[in-house]
Amino acid sequence: MSEPIHSVTASAQEALPTQSGSDRQPESRRLSSALVGPLVLAGFSTYLLVGILTMEVPSNASFPGPRVFPGVLMSAGYLISIMLALAIWRNPEGADPDSAAHRRSGEQGFLSDWRAVAWVVGGFLAFATGMPYLGWILAGALLFWCVTRAFRSPRPIFDLSIALVMSSLVYLAFGVGLGLNLPSGLLGGAF
């Protein structure tokens with residue numbers, strides 16, 4: 001009449017594809033590739049630490065001083081890199097080659113999203129090299145927009161408008177509010 005349930009589930013399990021141990025990436029390699037992000041962030045924080053320690057601060061500098069903001073960024077960078085590393089260490093399955101990012105990239109065994117890395121690195125390089133010419137507002141907006149592209153935001157025009165507003169607010173806060181000399185570039189009539 002009808003087949004027993006246990007034999008149906010057994011035959012269904014046999015039909016499922018299985019991965020042998022040789023097909024899967026070793027856990028140590030998954031962990032090492034997943035730890036690239038926290039290591040890069042810790043390296044950048046160390047770069048900030050060296051800059052803070054070697055910075056020459058004039059004796060007439062008032063509070064909060066030029067070391068405070070880089071110190072906050074450095075501390076946040078170390079904290080976030082430690083938290084990310086601990087999260088990866090506690091949950092190595094998050095670095096699983098069967099994840100959605102891995103299936104999207106089509107590569108076997110490496111989980112980095114190189115498209116996103118290229119957008120962020122390219123945006124930072126454009127920001128760093130273009131700031132004297134574009135000015136803080138335009139270069140900062142370009143950096144913000146490139147980061148939203150890296151995170152695959154579906155609204156590029158909206159992101160660009162938010163980027164211009166945010167970089168303008170930062171320019172007002174640091175340039176006008178704190179009296180720092182941020183480059184004005186094209187918008188300030190530099191060219």
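Trainee: How many aromatic pairs does the structure hold?

Mentor: This is a predicted model, in which local features need pLDDT of at least 70, side-chain atom pairs count only at pLDDT 80 or more, and totals for chains, interfaces and linings use all residues. Residues are numbered from 1 along each chain as its sequence is written, and side-chain values use heavy atoms, with hydrogens and water left out. Rings of Phe, Tyr and Trp (its six-membered ring) pair if their centres lie within 6.5 Å. The number of aromatic pairs in the structure is five.

Trainee: Is the pair of Phe-124 and Phe-127 stacked, edge-to-face or tilted?

Mentor: Planes under 30 degrees apart count as stacked, over 60 as edge-to-face and the rest as tilted. The ring centres of Phe-124 and Phe-127 are 6.5 Å apart and their planes stand at 40 degrees, so the pair is tilted.

Trainee: What separates Phe-124 and Phe-127 in helix α6?

Mentor: Helices (H or I, at least four residues) are DSSP runs, numbered from the N terminus. Both residues belong to α6 (residues 114–134), where they are three residues apart. The separation of Phe-124 and Phe-127 is therefore about one helical turn.

Trainee: Is Phe-127 buried or exposed?

Mentor: Buried means under 20% relative accessible area, exposed over 50%, and partly exposed in between (1.4 Å probe, protein chains only). Phe-124, at 42%, is partly exposed. Phe-127 has a relative accessible area of 10%, so Phe-127 is buried.

Trainee: Which residues do ring pairs link into a cluster?

Mentor: Phe-127 also forms an edge-to-face pair with Trp-136, at 5.4 Å centre to centre and 80 degrees between the planes. Trp-136 is buried, with a relative accessible area of 19%. The cluster linked by ring pairs consists of Phe-124, Phe-127 and Trp-136.

Trainee: How far from Arg-149 is the nearest side chain of opposite charge?

Mentor: Arg-149 lies in helix α7 (residues 136–150) and is buried. Lys and Arg count as positive and Asp and Glu as negative, while His and the chain ends are not counted. A salt bridge needs a side-chain nitrogen of Lys or Arg within 4 Å of a carboxyl oxygen of Asp or Glu. Arg-149 has no salt bridge, and the distance to the nearest such side chain, Asp-159, is 4.4 Å.

Trainee: Which residues are in contact with Arg-149, leaving aside its neighbours within four places in sequence?

Mentor: Contact means heavy atoms within 4.5 Å. With those neighbours left aside, the residues in contact with Arg-149 are Arg-115, Trp-119, Pro-156 and Asp-159.

Conventions: Helices (H or I, at least four residues) and strands (E, at least two) are DSSP runs, numbered from the N terminus.
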